[in-house]
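Have the structure open while you read.

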Amino acid sequence: MIEKNVTPLKSYRFSALNSFIKIIPLLVVPIVLARILTPEIFGVVAISAVYIGLAQFMTTFETGEAIIKKELNKVLLHSIFWFNLVCGLFSYFILFLSAELFPFISGDAQLKSVIKIQAIALITTSIAGVPLALLKKRLDFYSISISSLIAGLISSLISISLALMGYGVWALVSFYLVNSIVYSFVILLKSKYIPSFVFEFKKITNIFSFSANLTLTKILSFIERNSARFIIGHFLGYAQVGLYSLGNMIVIRPIKSVSQFVNPVFYSLVSKKKDLVVENIAANFITYTQVSILIFFPAGIILFFFSDNLIFVIFGNKWLEMVPIVTILSFLFFIRPITKINVEIFKALSLTGLMSKIYMVFTPLYILAILFSVQIGLNEVAISYVIVNYILAFVSLSYIIKIIK
């Protein structure tokens with residue numbers, strides 16, 4: 001239920017505040033660290049983040065989305081909590097073991113150590129899954145904002161201090177790890193959720209039909225976004241991964257931040273009005289598209305024409321090789337926001353199966369495009385990423401226009 005005095009407008013405001021609080025450390029801290037650290041260090045952490053991110057899907061299986069959409073009893077909530085925690089511990093164990101056994105990880109001592117430490121976030125994420133979903137279901141984005149603020153401040157101070165003290169790669173690792181630990185702890189306190197030792201696996205299976213397809217879609221989407229790092233690292237080295245990852249962050253992070261405050265509220269509100277889902281989606285989709293054009297089109301144009309000046313002023317000379325990558329990726333401002341909201345619409349319409357089929361086609365297409373383009377150069381990898389994103393957006397958009405008429 002929506003808590004008293006929490007209107008949809010207030011929810012959007014607090015969700016926007018949450019995204020604003022999140023984006024400050026996620027943009028500012030990497031910029032500060034980029035002045036101190038090398039592209040190779042950013043490359044190592046970027047490769048590690050791919051492994052962690054992929055394993056993270058196995059910690060919750062998107063059960064949080066099912067909590068928001070469906071009416072659940074306490075027994076099921078507790079069962080989901082313990083299921084998530086077991087999955088988080090298991091995922092950490094598998095990743096820890098993989099770092100020792102697989103040559104492409106164990107052969108690099110630094111990467112192996114980074115993965116083992118950074119993977120602790122898998123456990124903290126699994127603990128926060130149910131409490132975070134309950135806050136979103138209640139549209140309590142104010143509590144989520146406070147959690148982001150506290151986590152951002154603590155992790156920023158620790159990581160910058162470690163960088164200045166000469167801890168290198170561990171300064172960057174600490175930023176993401178400490179942020180995850182503190183955020184999960186505060187979310188648990190704010191939600192006032194206390195898990196009981198109750199577990200009924202049969203009840204969890206009832207929501208798997210919804211969450212399984214959604215998990216598969218997000219895994220495919222994650223592979224689509226991050227496979228370039230693996231391929232670039234294999235063919236071109238860690239320094240090129242660092243250049244590509246930071247360039248990608250400059251473009252994707254602002255888009256993701258806006259999506260993170262609009263999309264959860266959009267999905268939570270639509271899911272509560274099941275009899276008017278299509279009508280509400282149609283009206284909100286048009287408004288969202290208009291706002292996206294007003295915000296992101298000017299940003300994309302500015303980045304396209306002035307990326308060299310911005311990178312020189314913000315990051316310094318050692319990152320100037322990133323200029324053509326950012327210039328190419330600036331075209332994502334014109335289409336990526338629409339792709340992000342399309343996912344929420346598919347979820348609201350319970351069409352996660354259709355969404356997973358679309359990604360099952362486009363993810364292999366993207367990987368093939370990257371494998372081909374990396375033979376030419378890093379700029380061509382960025383071009384491939386942009387082209388596939390445009391094709392994916394137009395295909396998913398055509399389905400949605402047909403459905404909501």
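1. Tyr193 is buried, at a relative accessible area of 10%; buried here means under 20%, exposed over 50%, partly exposed in between (1.4 Å probe, protein chains only). Mind that this is a predicted model, where local features need pLDDT of at least 70, side-chain atom pairs count only at pLDDT 80 or more, and totals for chains, interfaces and linings use all residues. Residues are numbered from 1 along each chain as its sequence is written, and side-chain values use heavy atoms, with hydrogens and water left out.

2. What does Tyr193 pair with? Its partner is Phe81, in a tilted aromatic pair with 5.7 Å centre to centre and 55° between the planes. (Rings of Phe, Tyr and Trp, the last by its six-membered ring, pair if their centres lie within 6.5 Å; planes under 30 degrees apart are stacked, over 60 edge-to-face, the rest tilted.) Phe81 is in helix α4 (residues 74-101) and Tyr193 in the loop between α9 (169-191) and α10 (201-236), so the pair ties together parts 112 residues apart in sequence. Phe81 counts as buried too, at 5% relative accessibility.

3. The whole structure holds 15 aromatic pairs. Take Phe42 and Trp319: the ring centres are 5.5 Å apart and the planes at 85°, so this pair is edge-to-face. Phe42 belongs to helix α2 (residues 39-60), while Trp319 is in the loop between α12 (277-314) and α13 (323-329), 277 residues apart. Both residues are buried.

4. Phe297, Phe304, Phe305, Phe331 and Phe334 make up one aromatic cluster. The charged end of Lys116 sits over the ring of Phe96, 4.6 Å from its centre (the criterion: NZ of Lys or CZ of Arg within 6 Å of the ring centre and within 35 degrees of the ring normal).

5. Now a helix pair. The axes of α14 (residues 336-348) and α15 (residues 352-373) come within 8 Å and cross at roughly 140°; axes are lines fitted to C-alpha atoms, for helices over the stretch in contact, with angles from 0 to 180 degrees between N-to-C directions. α14 and α15 are therefore oblique (under 35 degrees is roughly parallel, over 145 roughly antiparallel, 65 to 115 roughly perpendicular, the rest oblique).

6. For the chain overall, there are 16 helices and zero strands, taken as DSSP runs numbered from the N terminus (helices H or I, at least four residues; strands E, at least two). Of its 405 residues, 53% count as buried.
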